[in-house]
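I hope they are handy while you look through it.

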Amino acid sequence: MDLFEYQGKQFFASFGIPVSDGDAVTTVDDAVAVADRIGYPVVVKAQVQVGGRGKAGGIKLADNADEVRTHAGNILGMDIKGHTVEIIWVEVASDITEEYYASFTLDRSAKKHLGMLSAEGGVEIETVAEENPDAIAKIWVDPVDGLTEAQAREWVAAANLNPGATEGAVDILQKLYTAYTDGDADLVEINPLIFTPDGRVHALDAKVTLDGNSTFRHPDYEQYDSSQVRDERETEAHAKGLQYVGLDGYVGVIANGAGLAMSTVDIVNQVGGKPANFLDIGGGANADVMAGALEVITNDPNVKSIFINIFGGITKGEEVANGIVTAMGRVDIDVPIVVRLDGTNADEGRAILEPHLSDALMMEPTMVAAAEKVVALAKS
Ligand code: GDP
Ligand code: MN
């Protein structure tokens, strides 16, 4: 789950990380009301789950109510890299002496948490990472040991921050580590982490990804989940209880089991096609589930052909075949379907499909043959 900046700041604040006072709003009038309350100057910030908002014109300083009105009006509804701004965050503006970068994420190959800290934070951090990687001080933290104050201090020294920022940075980095681990985050990033003229260190931006599998430990994460920006196709599929991930190709994919669905996506790619989605119908390949899956897939205008790849296990071949036949009678489908049916009772299943075969419904004996067929049909 990716959080908006304002949610990330609430998350940080709950772990004691200093952030600016502010509020999230959806109208110009409310933006002015917040600014009047917290005091000028303020920053008006577009809330979209994509970086580079500053460069795109989605972050503006305002000295008075008129400027808030202008900026809020311009930013609300703005398109930033395909994301429409519906929420803005208005916060007390900060004076900045230096901009730093700080983050924690998991380094899977090292089996440790990776912390990154740089004195050269701000909107050019990607360029710093590419052209001057030595300017980023890294630390690998053993999850069993955690991050000690001494380690944090050494890390800060290695990053060459302003000496006046040392105490504040050591404190924030330890809190950021706690937020990352206790909060079950996959990523926490502060860019910029600022050092102010009056000597404070402070999070000016927040990028947080929470582990969606940890919500049973954090009932309050429901608030974040409900505001997730989802692919429309995914929302529909999840409502039908299907495991669906939208991709940008043109071959619709239906398989039973996540492993087989992944292999199906792979093989479509391997034979030169592009999958439109990943869809796992799970164990229950009955007519309702199959019809739901076909509805979700055919609602995607990019889909040119559909690959149904079933390996019967607990779900028997004839049940799947009956499911396909019934679902096809219920859903309007104007692209060809290629079925590969194998596993338990495959012969019985194929016999059920046989009388229904046409240009609209084809069957192939193997996964490769079916993939080649379905890709060729999509391209023709
Ligand atoms: P991003 O572009 O999406 O990463 O948005 P940020 O929240 O990081 O803001 C981008 C840049 O705007 C920061 O690096 C700052 O230079 C500037 N900025 C943001 N908030 C303030 C503020 O309160 N005061 C000042 N002076 N600059 C700010
Ligand atoms: Mn930023």
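**Notes on the model**

1. Val245 stands opposite Phe278 in β15. The strands concerned are β13 (residues 243–246) and β15, joined by four bridges and running antiparallel. From β15 (residues 277–280), Asn277 and Leu279 point one way while Phe278 and Asp280 point the other way, and all are buried. Buried here means under 20% relative accessible area, with exposed being over 50% and partly exposed in between (1.4 Å probe, protein chains only).

2. A word on conventions. This is a predicted model, in which local features need pLDDT of at least 70 and side-chain atom pairs count only at pLDDT 80 or more, while totals for chains, interfaces and linings use all residues. Residues are numbered from 1 along each chain as its sequence is written, chains are lettered from A and ligands numbered from 1 in the order in which they are written, and side-chain values use heavy atoms, with hydrogens and water left out.

3. For the overall picture, the protein has 13 helices and 18 strands; these are DSSP runs numbered from the N terminus (helices H or I, at least four residues; strands E, at least two). The C-alpha trace spans about 80 × 50 × 40 Å along its principal axes. Of the 380 residues, 48% are buried. Among contacts (heavy atoms within 4.5 Å) with a separation of 6 or more, 69% come from residues 24 or more positions apart.

4. Next, an open sheet: four strands in the order β1-β6-β2-β3, with antiparallel pairing. Two strands pair if DSSP finds at least two bridges between them. β1 (22–25) and β3 (59–62) stand at the edges with a single partner strand each, so one side of each has no neighbour in the sheet. From one strand to the next, the twist averages 20°. β1 is joined to β6 (residues 87–92) by four bridges, and the bridge partner of Val25 in β6 is Ile88.

5. Two helices go with that sheet. Helix α1 (residues 5–13) lies across β1, β2 (42–47) and β6, running at about 50° to β6. Helix α3 (residues 65–75) packs on the sheet and touches β2, β3 and β6, its direction making about 165° with that of β3. The axes are lines fitted to C-alpha atoms, for helices over the stretch in contact, and angles run from 0 to 180 degrees between N-to-C directions.

6. Which protein donors does the manganese ion (ligand 2) have? They are Asn191 (O) and Asp205 (OD), lying 2.2 Å from the ion. Asn191 is in strand β10 (residues 185–195) and Asp205 in the loop between β11 (201–203) and β12 (207–210), so the pair ties together parts 14 residues apart in sequence. Both Asn191 and Asp205 are buried. Donors are N, O and S atoms within 2.8 Å of the metal (3.2 Å for Na, K and Ca); water is not among the atoms, so sites may look incomplete.

7. Arg233, in helix α8 (residues 232–239), has 17% relative accessibility and therefore counts as buried. Beyond neighbours within four places in sequence, Arg233 is in contact with Tyr244, Gly246, Leu247, Ala276, Val296 and Asp300.

8. Finally, helix α11 (residues 317–330). The buried residues of α11 are Gly317, Val320, Ala321, Gly323, Ile324 and Ala327. Seen down the axis of α11, they fall within an arc of 155° and so line one face of the helix; the arc is that of the directions from the helix axis to the C-beta atoms. Their cover includes α10 (287–298), β16 (305–312) and β17 (337–343).
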